Amino acid sequence: MDSLSQTDARDPHEAIREEVRKLCLGFPGAYWRALDREHEYPEAFVRALAEQGWLAALIPEDYGGSGLPLSAAAAILEEIQRAGCNGGACHAQMYIMGALLRHGSAAQKSLYLPQIASGALRLQAFGVTEPTSGTDTTALKTTARRDGDEYVINGQKIWTSRAEYSDLMLLLARTTPREQIVKRTDGLSVFLLDMRRLKGNGLTIRPIRTMMNHATTEVFFDDMRIPADALIGEEGKGFRYILSGMNAERILIAAECIGDAKWFIEKTTDYAKERVVFGRPIGQNQGIQFPVAKAYTHMRAAELMVYHAAALFEAGRDCGAEANMSKMLAADASWEAAEACVQTHGGFGFAEEYDVERKFRETRLYQVAPISTNMILSYLAEHVLGLPRSY
Ligand SMILES: Cc1cc2nc3c(=O)[nH]c(=O)nc-3n(C[C@H](O)[C@H](O)[C@H](O)COP(=O)(O)OP(=O)(O)OC[C@H]3O[C@@H](n4cnc5c(N)ncnc54)[C@H](O)[C@@H]3O)c2cc1C
């Protein structure tokens, strides 16, 4: 039974959690600190996860994956974060793959999915956000123009994480000019790019250094030619395909935040018990106890929402509100726990060797990406509470 959770001793994914924990033991704080300093990609960690099949958890068995439910993938990512590792290096494959699985042709699925499942190919890059349109995805400007049996792509993406370490990219681009569409969400299409042959052939990737080690990039398309069969599903319906994967993305990121929150809470209580000032452990002071007890309470509530959202998702029910709420509650809980952890550590909260400052920087991202808190609140206001759309 998990001392920081447990709701239910019969966690169906306990065996998975145990195995992931074991794998993570091979990647301690020192491993992540060294990479963080140099902003290097955790190649060995990602390879180990792929070799043990964890990144193929959601790929159906027919395609070489393990065909596990979303809650199992959530358990995997939660344990990675909880162990102090960083799933941000590879989590995207789990949710990007859903677009290929749900909307790809039989030929695309049988070509790519087994290779993704075996780890021979990485599908880690997701090109949606652009510098000018930002959160307003349907205003994106990258174009894909059909030319015989090819498409010609022009434009730019930003924050395309892991593009340098991925073989494939899922790209959202405009195939019908905005002036010619009836609905705002029409005219966008999804493509699966094989970046191995495109780098230097119209595709340029430039890393962006950020406050944490996230391997994010900006990507430029300059008359880049791709075969027409790179199109996923029907032309013009891409925005819907991307949206259909967003609930899974939100739930999985929320699970990561729960893992982060548990890591911070454990680190906080361990230190508070050990550190003696004024002749007693600092954890004896209510000023130290209350913030972490509050963070724990919020983490547990968020965890229930993650379980609930995943259960609805697995039952094939609408879970837009729950997926969004779980992402917001879990991101808030991890940030609150991070804050309590730094405060409890005093000066040592700022020292690299404690890992607290690194995890603090890493978990801050989830207030903004993949969807910012404001947009979640706007979604709830409009779609759940029936208030007028504010933008
Ligand atoms: C490290 C990192 C990795 C990322 N990885 C990827 C990736 O792999 N692929 C990808 O496509 N994208 C990725 N993103 C992009 C991420 O999803 C966006 O940064 C995020 O959605 C916010 O968009 P923006 O940065 O353009 O902010 P903007 O859209 O410019 O918004 C800025 C601020 O204004 C607020 N705001 C905007 N409009 C409104 C409104 N109507 N009401 C209230 N508030 C509003 C936002 O909430 C936000 O706080 C990543 C970002 C980062 C930082």
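Start with the aromatic rings: this predicted model holds ten aromatic pairs. Rings of Phe, Tyr and Trp (its six-membered ring) count as a pair if their centres lie within 6.5 Å; planes under 30 degrees apart are stacked, over 60 edge-to-face, and the rest tilted. Residues are numbered from 1 along each chain as its sequence is written. As the model is predicted, local features need pLDDT of at least 70 and side-chain atom pairs count only at pLDDT 80 or more, while totals for chains, interfaces and linings use all residues; side-chain values use heavy atoms, leaving out hydrogens and water.

**Stop 1**

Select Tyr 271 and Tyr 354. Their rings form an edge-to-face pair, 6.3 Å centre to centre, with 85 degrees between the planes. The pair links distant parts of the chain, 83 residues apart: Tyr 271 is in helix 8 (residues 238–274), and Tyr 354 is in the loop between helix 10 (320–345) and helix 11 (356–364). Helices (H or I, at least four residues) and strands (E, at least two) are DSSP runs, numbered from the N terminus.

Is Tyr 271 buried or exposed? Tyr 271 counts as buried, at 10% relative accessibility. Here buried means under 20% relative accessible area, exposed means over 50%, and partly exposed lies in between (1.4 Å probe, protein chains only). Tyr 354 is partly exposed at 22%.

Phe 348 and Tyr 354 form a tilted pair, 5.2 Å centre to centre and 35 degrees between the planes. Phe 348 is partly exposed, with a relative accessibility of 36%.

Asp 355 lies in the loop between helix 10 and helix 11, and has a positive phi of about 70 degrees although it is not a glycine. Asp 355 is buried, with a relative accessible area of 8%.

**Stop 2**

Select Phe 27, Tyr 31, Trp 32 and Phe 45. Ring pairs link these four residues into a cluster.

Then select Lys 359 with Trp 263. The charged end of Lys 359 sits over the ring of Trp 263, 5.5 Å from its centre. A charge sits over a ring if NZ of Lys or CZ of Arg is within 6 Å of the ring centre and within 35 degrees of the ring normal. Which ring lies under the charged end of Arg 364? That of Trp 335, with the charged end 5.3 Å from the ring centre.

Stay with helix 11 and select Glu 362, which lies in that helix. Glu 362 is buried, at 8% relative accessible area.

**Stop 3: the cysteines**

How many disulfides are there? The count comes to zero, with a disulfide taken as a pair of cysteine sulfur atoms within 2.5 Å. Select Cys 24 and Cys 85: Cys 24 is in no disulfide, and its nearest cysteine sulfur, that of Cys 85, is 3.8 Å away. Cys 24 is buried, with a relative accessible area of 3%.

Next select Cys 341. Its sulfur is 15 Å from the closest cysteine sulfur, in Cys 257, which is too far for a bond. Cys 341 is buried at 0% relative accessible area.

**Stop 4: the ligand**

Select the ligand and the residues around it. 19 residues surround the ligand, and the closest are Phe 126, Thr 129, Thr 135, Trp 159 and Ser 372; a residue is near if one of its heavy atoms lies within 4 Å.

- Trp 159: a backbone N or O atom lies 2.9 Å from a nitrogen atom of the ligand.
- Pro 370: a polar backbone atom is 3.2 Å from an oxygen atom of the ligand.
- Ser 372: an N or O atom in the side chain is 2.4 Å from an oxygen atom of the ligand.

Taken alone, the ligand exposes 960 Å², and the protein buries 68% of that. These areas come from the Shrake-Rupley method with a 1.4 Å probe; for residues, only the protein chains shown count as cover.

Trp 159 lies in the loop between strand 3 (150–158) and strand 4 (168–174), and its phi is near 60 degrees, a positive value in a residue other than glycine. Trp 159 is partly exposed, at 45% relative accessible area. Pro 370 lies in the loop between helix 11 and helix 12 (373–384), and the peptide bond from Ala 369 to Pro 370 is cis, with omega near -5 degrees.

Terms used
Polar contact = N/O pair within 3.5 Å; in protein donor to acceptor, adjacent residues only side chain to side chain.
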